[in-house]
Amino acid sequence: MIDRNKMYHLFRRGVSSAARFPAEVSIVEVGPRDGLQNEELNIPTENKIEFVDKLSQSGLQRIEVTSFVSAKWVPQLADAKEVMKKISRNPNVRYSTLTPNLKGLNDALDSNTQEIAIFGAASETFTKKNINCTIEQSLKQFDQVVQQANANKLPIRGYVSCVVGCPYEGFIKPKIVGQVVEKMLSMGCYEVSLGDTIGVGNPNTVRDLLTELKRVVSGNMDLLAIHCHDTYGMALVNIVEALESGIRVVDSSTAGLGGCPYASKGGAAVSGNVATEDVLYLLNSLGVRTGVDMNTILAASDIITSVLNRKTNSKVGLALGCKKN
Ligand SMILES: CC(C)(COP(=O)([O-])OP(=O)([O-])OC[C@H]1O[C@@H](n2cnc3c(N)ncnc32)[C@H](O)[C@@H]1OP(=O)([O-])[O-])[C@@H](O)C(=O)NCCC(=O)NCCSC(=O)C[C@@](C)(O)CC(=O)[O-]
């Protein structure tokens with residue numbers, strides 16, 4: 001049986017990759033949160049816990065477990081407290097949660113979260129649809145969250161959604177994204193993840209965006225992460241573009257699940273994040289270290305796709321023999 005972590009050996013990794021890509025990339029697994037938040041099927045809490053526990057055994061060092069948000073807005077994650085309480089924590093993993101406001105932060109603190117994420121957008125309409133306020137109001141609200149999180153010595157990640165396109169406003173100017181990124185970093189986020197929420201980016205628009213943001217962060221690309229949905233199959237090429245621009249933190253979702261419930265204009269289906277398996281295969285093939293084991297990720301994919309009674313969205317998962325439902 002071929003070692004599924006080393007499939008690329010059969011096809012060699014090429015010699016030029018060393019110059020183009022970082023030696024190491026940190027994968028942030030968002031499957032339990034972004035992957036599940038939009039699922040209509042009510043997923044039993046114990047299955048979410050089993051999914052996270054398997055991910056915790058994979059070598060991932062960062063897992064985004066859930067959100068502390070209104071159950072009316074995201075019913076699927078209403079069991080956030082129970083999930084955070086019952087997962088088996090690996091000391092080498094940082095478990096994070098989304099918190100849009102002080103109520104969410106307090107619930108997160110009560111649930112022993114180790115990192116929080118605030119989540120804004122570069123589109124007024126999406127911000128209103130997603131968190132029921134303007135961009136300016138959201139940043140004011142986030143500032144309160146960040147101050148209190150700092151007081152509790154919690155690291156804070158920022159998200160900016162719709163960094164290349166918005167389902168309601170269309171193309172988003174890199175300058176607008178830069179303004180939101182700058183505000184999040186200045187209020188105290190240690191990194192900002194750039195969300196191509198509806199997967200409309202391409203290597204040119206991603207490059208234009210990162211050229212602008214490189215100026216905003218004064219060249220320190222470690223302040224940025226890339227978060228690609230794979231709606232039109234462009235996620236991996238956009239991630240390659242981001243890696244070549246110096247980004248070394250990539251968000252992904254096992255089995256390629258997910259999507260933001262408030263990104264589907266007129267009910268159009270939203271699509272999942274790029275699959276962790278596919279990102280891992282790409283990075284393995286380029287000789288980029290991640291510390292993540294493909295077999296364990298595939299096993300985690302089997303757990304959650306069995307519960308959803310659905311095939312994986314991951315090309316690598318299908319090719320390497322995930323259980324076919
Ligand atoms: C932010 C609010 C609450 C504002 O919603 P609102 O209605 O303006 O808030 P409110 O203050 O009026 O409260 C309404 C109700 O929610 C409760 N509430 C208020 N706050 C919380 C909280 N933190 N946790 C639990 N409950 C909360 C509050 O107590 C009240 O309960 P009621 O009195 O009606 O019984 C709402 O808009 C919300 O929860 N939005 C979350 C939307 C969301 O989670 N979207 C998906 C995540 S973003 C995403 O997926 C994109 C990303 C990050 O992946 C990157 C990318 O792909 O681009």
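**Figure 1. The loop between helices H12 and H13 around Asn 309 in the predicted model.** Asn 309 lies in the loop that runs between helix H12 (294–308) and helix H13 (315–319). The phi angle of Asn 309 is positive, at about 55 degrees, although the residue is not a glycine. With a relative accessible area of 60%, Asn 309 is exposed, because the threshold for that class is over 50%.

**Figure 2. Asn 313, in the loop between H12 and H13.** The loop that holds Asn 309 also contains Asn 313. The relative accessible area of Asn 313 is 46%, and the residue is therefore classed as partly exposed. Leaving out residues up to four places away in sequence, Asn 313 touches Ala 255, Gly 256 and Leu 257. Between Asn 313 and Val 274, which are 39 residues apart in sequence, the C-alpha to C-alpha distance is 8.8 Å.

**Figure 3. Helix H5 and its buried face.** Helix H5 spans residues 102–110, and its buried residues are Gly 104, Leu 105, Asp 107 and Ala 108. Viewed down the axis of H5, these buried residues fall within an arc of 165 degrees, so they line one face of the helix. Lys 103 and Asp 110, on the other side of H5, are exposed. The packing partners of the buried residues of H5 are two helices, H4 (80–86) and H7 (135–151), and two strands, S3 (94–98) and S4 (115–121). Just after H5, Asn 112 adopts a positive phi of about 55 degrees.

**Figure 4. Helix H6 and the elements that pack against it.** The buried residues shown in H6 (124–131) are Phe 126, Thr 127, Asn 130 and Ile 131. Around the axis they cover an arc of only 100 degrees, which places them on the same side of H6. Strands S4, S5 (156–161) and S6 (165–166), together with helix H7, pack against the buried residues of H6. Helix H7 and strand S4 are also among the elements against which the buried residues of H5 pack.

**Figure 5. Asn 132, in the loop between H6 and H7.** The loop between helix H6 (124–131) and H7 contains Asn 132. Phi of Asn 132 is near 60 degrees, a positive value in a residue other than glycine. The relative accessibility of Asn 132 is 43%, so the residue counts as partly exposed.

**Figure 6. Ser 26, in strand S1.** Strand S1 comprises residues 26–29 and includes Ser 26. A relative accessibility of 26% puts Ser 26 in the partly exposed class. Setting aside neighbours within four places in sequence, Ser 26 is in contact with Arg 62, Arg 248, Val 249 and Val 250. Ala 71 is 45 residues from Ser 26 along the chain, and the C-alpha atoms of the two residues are separated by 31 Å.

**Figure 7. Leu 210, a buried residue of helix H9.** Leu 210 is part of helix H9, which covers residues 203–216. The relative accessible area of Leu 210 is 1%, and the residue is buried, because that class takes in values under 20%. Apart from neighbours within four places in sequence, Leu 210 is in contact with Leu 194, Met 221, Ala 242, Ser 245 and Ile 247. Leu 210 and Glu 241 are 31 residues apart in sequence, with a distance of 9.2 Å in space from C-alpha to C-alpha.

Figure 8. The C-alpha atoms fill a box of roughly 55 × 45 × 40 Å, taken along the principal axes. Of the 325 residues, 58% count as buried. Among contacts with a separation of 6 or more, 74% are accounted for by residues 24 or more positions apart. The accessible surface comes to about 13,700 Å², and carbon and sulfur atoms contribute 51% of that area. The chain carries 35 positive and 33 negative charges, whose mean positions are 1 Å apart.

Technical notes. Residues numbered from 1 in each chain as written. Predicted model: local features only at pLDDT ≥ 70, side-chain atom pairs only at ≥ 80, totals over all residues. Heavy atoms only, no water. Buried < 20%, exposed > 50% of the residue type's maximum accessible area, 1.4 Å probe, protein only. Helix = DSSP H or I, 4+ residues; strand = E, 2+ residues; numbered from the N terminus. Arc of directions from axis to C-beta. Contact = heavy atoms within 4.5 Å. Areas by Shrake-Rupley, 256 points an atom, 1.4 Å probe, with all protein chains shown as cover. Lys, Arg positive; Asp, Glu negative; His and termini not counted. Charge placed at Lys NZ, Arg CZ, Asp CG, Glu CD.
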